[in-house]
There are 2 protein chains.
Amino acid sequence: MKKNILLTIEYDGSSMKGWQKQEGQTTVQETLENALEKSLGERVVLEATGRTDAGVHAYGQCASFFTESGLPVNKIMRVTNNFLNVGERVSYPMGSIRVVDVKEVAEDFHARFSCIGKTYVYRLVPGDDVDIFKRSYCYNVKKDVDVGSMQEAVKKIIGKKDFACFQAAGGTPRKTTVRTIFDARILESGGELILVITGDGFLYNMVRIITGTLVDVGLGKIKPEEIDRMIEKKDRTLAGHTAPPTGLYLYKIYFDEGEMREWIDRIGMNTSWKWRS
Amino acid sequence: MKKNILLTIEYDGSSMKGWQKQEGQTTVQETLENALEKSLGERVVLEATGRTDAGVHAYGQCASFFTESGLPVNKIMRVTNNFLNVGERVSYPMGSIRVVDVKEVAEDFHARFSCIGKTYVYRLVPGDDVDIFKRSYCYNVKKDVDVGSMQEAVKKIIGKKDFACFQAAGGTPRKTTVRTIFDARILESGGELILVITGDGFLYNMVRIITGTLVDVGLGKIKPEEIDRMIEKKDRTLAGHTAPPTGLYLYKIYFDEGEMREWIDRIGMNTSWKWRS
């Protein structure tokens, strides 16, 4: 019997050329499809909620696929994680992709089309110091930033707006550049600034351009009140630089309005950030 | 005029094939010598205190070299770090090697022969959870360990002893397998166990075998009191497994007895671990 399966996945994107399969490159999709083939005994095609670029990480990427495999659903995670070398017996170097949840979903469910919202997280390290051990996991700004102006600016991103000014060229063409940002805030954690942003969808490179713009605000290159104008003018050249992929994490994906609202309320009560909250 | 220069270097060893130059491989020595050639305007040969293996990290590796370059000593760090892409203006992906100190030393100084002691640090993550973002930076034990027995066992490593049982085959042949461990302790930090070990020298893979042995003690496979016997018998087969390179950091190198004693005293007063203390 054909089953529709939804996976939740985390991955360290630093050694990956992004989600999407590409000839001759190590990608998340291909690595995961290879491991699933070994555990399920058949080749499947993964449909991810969002395609992450090279170097971008995920704590909660989702992907669905159909299978006729006889492997019980509650065994998929354990068996697949063993093939990904993140299971009971890992050998070093350990794998960089891990399945953290598996469930059977309705036949008409699709990881991309059923998604109603996503949270991205961006890790910024302000100050002139460089921590080489974080080089693939955050963005070392190399200068001090004014957090107050950044907090003022981030509020201007919230709402239903045409975000054309925060869209990079080169992505899949979209019908509209209007998106709704339900929540956006900057939390502090161990010397880092953590941008947490939740919306119904994001344009190509949108979070990285918003982050770069907020950094430019923090550096005094852009004034917080200029955010409204760059959105209104739909002009990419008025927005800031594109922050590197290294600091970006696809954090959480929602298929249920209530679950999303609850998470946003919870994050709204925090002033500091915990990765596993 | 020929100058003798001592560098202190930190590096993320996860993408490096160790310190020592090897044809067709990315190594710390070669990457650093290439950057120094650009900053000094001449090719130099680095003599490191210790050669670290592939995947091993360093917070305080030292290396000395002779140069006739006209570049003032106080500019070497800044210029070299720019060529290593960890300087004022970094582009992503950032470099994984950083010079943290440069000084001119006496003509007869040599980073290896003048060294009187070294501290290594090993990061262990006990428990069955796996954090893929730490996969290149620690050792996920994948099981709970008994910290009390490990604490009991680690004390038995301290002293001047023949450590042949903790030596792997394949290293440079040594005149003697007697070494002095001045201090060894396990500290706790954010769910991790941090082994901090200081000695006058270490045999090939010695810290990784000691760590593996301590883990085996924590797992109940080896009793703490068996440590004395394995040392006495000089028998590698009685000791534990070799812990992976990922958790190992060459932390600090001493050329001065007083400085080393002071650091050991300071670490002895701590029960938790801070990377920059």
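Student: Why is A:Ala164 called buried in this predicted model?

Tutor: Its relative accessible area is 18%. Buried means under 20%, so A:Ala164 is buried.

Student: Where does A:Ala164 sit, and which residues does A:Ala164 touch?

Tutor: A:Ala164 lies in the loop between β7 (159-162) and β8 (178-189) of chain A. Not counting residues up to four places away in sequence, A:Ala164 touches A:Thr177, A:Leu203 and A:Lys234.

Student: Now to the two chains. What makes the pair B:Asp12 and A:Arg135 a salt bridge?

Tutor: Their side chains meet at 2.4 Å, N to O. The rule asks for a side-chain nitrogen of Lys or Arg within 4 Å of a carboxyl oxygen of Asp or Glu, so this pair qualifies. The count between chain A and chain B is four salt bridges.

Student: How many residues take part in the contact, and how much area is buried?

Tutor: Chain A gives 30 residues and chain B gives 30 residues. Together the chains bury about 2,600 Å², with 60% of it on carbon and sulfur atoms. In chain A, A:Tyr92, A:Phe133 and A:Arg135 lose the most area to chain B, together 31% of what that side buries.

Student: How many residue pairs are in polar contact across the interface, and how do the residues on the side of chain A divide?

Tutor: There are 14 residue pairs in polar contact, both residues at pLDDT 80 or more. The side of chain A that touches chain B divides into 15 nonpolar, seven polar and eight charged residues.

How values were computed. Residues are numbered from 1 along each chain as its sequence is written. Chains are lettered from A and ligands numbered from 1 in the order in which they are written. This is a predicted model: local features need pLDDT of at least 70, side-chain atom pairs count only at pLDDT 80 or more; totals for chains, interfaces and linings use all residues. Side-chain values use heavy atoms; hydrogens and water are left out. Helices (H or I, at least four residues) and strands (E, at least two) are DSSP runs, numbered from the N terminus. Buried means under 20% relative accessible area, exposed over 50%, partly exposed in between (1.4 Å probe, protein chains only). Contact means heavy atoms within 4.5 Å. Buried area is the accessible area (1.4 Å probe) that two parts lose on being put together, summed over both. A polar contact is a pair of N or O atoms within 3.5 Å; within protein, one must be able to donate a hydrogen and the other to accept it, and residues adjacent in sequence count only if both atoms are side-chain atoms. Ala, Val, Leu, Ile, Met, Phe, Trp, Tyr, Cys and Pro count as nonpolar, Asp, Glu, Lys and Arg as charged, and the others, Gly among them, as polar.
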